[in-house]
Amino acid sequence: MSRVKAIGIDVGSTTAKIVAVDENGEMIWRYIEPTDPRIEDQVDRFLEKLKEELSISDEELKKIPIVATGYGRKLVHQAKKKLTEITCHAKGVYKSLGHGGTLVDIGGQDSKVIVISNDGKVVDFTMNDKCAAGTGRFLENTAMRMKVPLDKMGELALSAPEEVKISSVCTVFAESEIISMIAHGVAVEPILKGLHRGLISRIVAMIRSVGLTPPLMLSGGVVKNPAVRKMLEEATGQKVILPEYPQFMGAYGAALIALESTKSEN
Amino acid sequence: MKLIDTIKYRLTVDVAGRAFLRYERFLNARRLKNARFKSENLAPPLRISAWTKELISLHYFRGRYVEGHQPVAYVTSGGPVEILKALGYYVIYPENHAALAGARHAQMELIQSAEEFGFSQDICSYVRTDLGTALTGKTPVGKLPKPDLLLACTNICQTVLHWYRVLQKIFNVPLVVIDTPFVYTEAPPHAVEYVKKQLENELIPVAERVAGRTLKEKKFKEVVKYSKDATELWLEILNMGRHIPTPISIFDQFIHMAPIVEMRGDKVTVDFYYAMLKEVKERVKKGIGSVKNEKKRVLWDNLPVWYKLSRLAAELADRGVSMPISTYTYAWGELAPLIDIERGMESMARVYLYPILNRGTGHKLEVMRQMVKDFKLDGVILHSDRSCKPYSIGQVPQRNKLMEEFGIPALLLEADHNDERAFSEEQVASRIASFLEMMEVA
């Protein structure tokens, strides 16, 4: 018998993740890839990989409940339930850290602030408004434009002794603003720092709109960027707590909900 | 007014038009027996819908032939229309016309036309829709008559002032502006006096001159009485939503509110709402809910998203969520007790000072608080309407207060009442889905 009792799949706008949990809800396997436009094929591949690496037969896999989340959740036909990222992130983070608080999740195309109660329920949430300001895409776009590797961006920003003000929060307009700064001979580091400041100010405004219930927790792909973490701490005066696998919280939460559904059925 | 136009109007509207529309209503009523909305979980459309359609069609059909027969006025939704009705005006509400265009998905072309003329995308989408029609003559109702008089009352927003000044330039006709001071708690006597004087000294003389008639007190009182009766009936219909399950939803209200807005002061409007109340009461008696297996009841704040009405209704119904009441539809009922037929102009002045949008954000919060209690609501959706700033201001603290006081979830939804480009499909869907999951109905 396989140890895998439930599976969660999070098809985000930038990356797709899969998590498998055991009967205690411990994360025993996870995998991440950039999101493929052919989501159905990608999910099939994910499940093949899971079967192979954990030696699970087709028969066994059929019995394991799957819950899907993320923008592409509707295309995960294997899922018995499809839930939003809000519910799944809250679930995953609550289990990982063992407490409620305010969770900031900065993903590729949206960012969200979720207030989680002491018993793990979503009390309130807000998401970025219609544009990509305040999301990972904002940083990604400019990193590309400035030819800075995405994983070096945060460090470079933090190394800047000063910063310039980027006034546009629009991803596209910020890019033109940056181009003009470069043309005026402004160095890369201060621009990067200003860019991060812009992103953080959007996030802080979202936190304020729902009210900060400590502790402050952070998840999502952008967590890998040290400048985001540090500047968020500076802006809120709160220490930021990270779960062990911040990018997998949506998929993990989905797997936990799938696991609960088997328990309630039994 | 010209005799030839009157003869033409009598023949096309009163003889042919009315008969045809009555026949169409009869056909529609038969069709309605088996009609369904987009979702099986929504109660079938109200039988009264056939009459609503007849009223709206007749209203705009009259508009095609009314020029030369009756004086025409364009009025803001919060305008003191009773005076104009008593003087025999045919009245167009550009806001209503814009909403109708939105519900029929005909608004974007008009909006874009207005933008081509140089009107900014940041201006209210009703204004852009209406100016699109005024500038190009295009409308989903066939033809709108040209106004002889423009009446803007600032009790709903300050935008109307600038909107109607543009209309004045386009049509070159008199514009009367009724300025209504903001009411924070109670309107002081001088504010009532100020508005009353504007009605008496500004509106009536100009409206009389344009119409070529004098205002008769008897006629005015009759119109005010019809206005009061219809408003009271509308309020009573809305209050039926306190029943569990609610017999009507805001989606029904949005469809059937057109007469209370644009036909206030007509006798037929009173008859219409009397019949509607009867049907809604029948639903209560039979236990028919607007949504099958109603599990949760949610409040709607602000204008509807006209071009997404039916989809939103179906989506919520499929999860057993009903929306019994909205601050918006209530706005046309809640002032009923203020209408005092015997106190004439003073009562009019008071009524037109007190709309929800002419009062503080604290008042709106209080209205919503009362609704959560009276209508036994489990959640709140606040539409943050890009086009209606006066309605949307204060929604963040209002939302937070309601959540805190009642421990219910509340969602701020960003959209726009008429401009589809300010509506982000996927993002709205994910917010609503998350909100429903929070209420544990997903």
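**Figure 1. Burial and overall dimensions of chain A.** A residue is called buried when its relative accessible area is under 20%, exposed when it is over 50%, and partly exposed in between, with a 1.4 Å probe and protein chains only. By this rule, 54% of the 266 residues of chain A count as buried. This is a predicted model, in which local features need pLDDT of at least 70 and side-chain atom pairs count only at pLDDT 80 or more, while totals for chains, interfaces and linings use all residues. Side-chain values use heavy atoms, with hydrogens and water left out; residues are numbered from 1 along each chain as its sequence is written, and chains are lettered from A and ligands numbered from 1 in the order in which they are written. Chain A contains 9 helices and 10 strands, where helices (H or I, at least four residues) and strands (E, at least two) are DSSP runs numbered from the N terminus. The C-alpha atoms of chain A fill a box of roughly 65 × 40 × 30 Å along the principal axes.

Figure 2. A salt bridge is a side-chain nitrogen of Lys or Arg within 4 Å of a carboxyl oxygen of Asp or Glu, and the structure holds 53 of them over all chains. One of these joins the side chains of A:R197 and A:E234, at 3.6 Å from N to O. A:R197 lies in helix 7 (residues 188-210) and A:E234 in helix 8 (residues 226-236) of chain A, so the pair ties together parts that are 37 residues apart in sequence. Both ends are partly exposed, A:R197 with a relative accessible area of 31% and A:E234 with 46%.

**Figure 3. A salt-bridge network in chain A.** Here A:E33, A:D36, A:R38 and A:R45 are linked in a network of salt bridges. Side chains of opposite charge can pair when their charged atoms come close.

**Figure 4. Two salt bridges in chain B.** In one pair, B:R421 forms a salt bridge with B:E115, the closest N and O atoms being 2.6 Å apart. This pair links distant parts of the chain, 306 residues apart, with B:R421 in the loop between strand 8 (410-415) and helix 19 (425-438), and B:E115 in helix 5 (residues 107-116). B:R421 counts as partly exposed, at 37% relative accessibility. In another pair, the side chains of B:D301 and B:K364 meet at 2.9 Å, N to O. Here B:D301 belongs to strand 5 (residues 296-301) and B:K364 to helix 16 (residues 361-374) of chain B, 63 residues apart, and both B:D301 and B:K364 are buried.

**Figure 5. The surroundings of B:S113.** B:S113 is placed in helix 5 of chain B and is buried, with a relative accessible area of 10%. Leaving aside residues up to four places away in sequence, B:S113 touches B:G132 and B:T136, a contact being heavy atoms within 4.5 Å.

**Figure 6. The surroundings of B:M263.** B:M263 is found in the loop between helix 11 (258-262) and helix 12 (267-286) of chain B, where B:M263 is buried with a relative accessible area of 4%. Not counting residues up to four places away in sequence, B:M263 touches B:L55, B:I56, B:H59, B:K85, B:A258 and B:T269. By C-alpha positions, B:M263 and B:Q121 are 31 Å apart in space and 142 residues apart in sequence.
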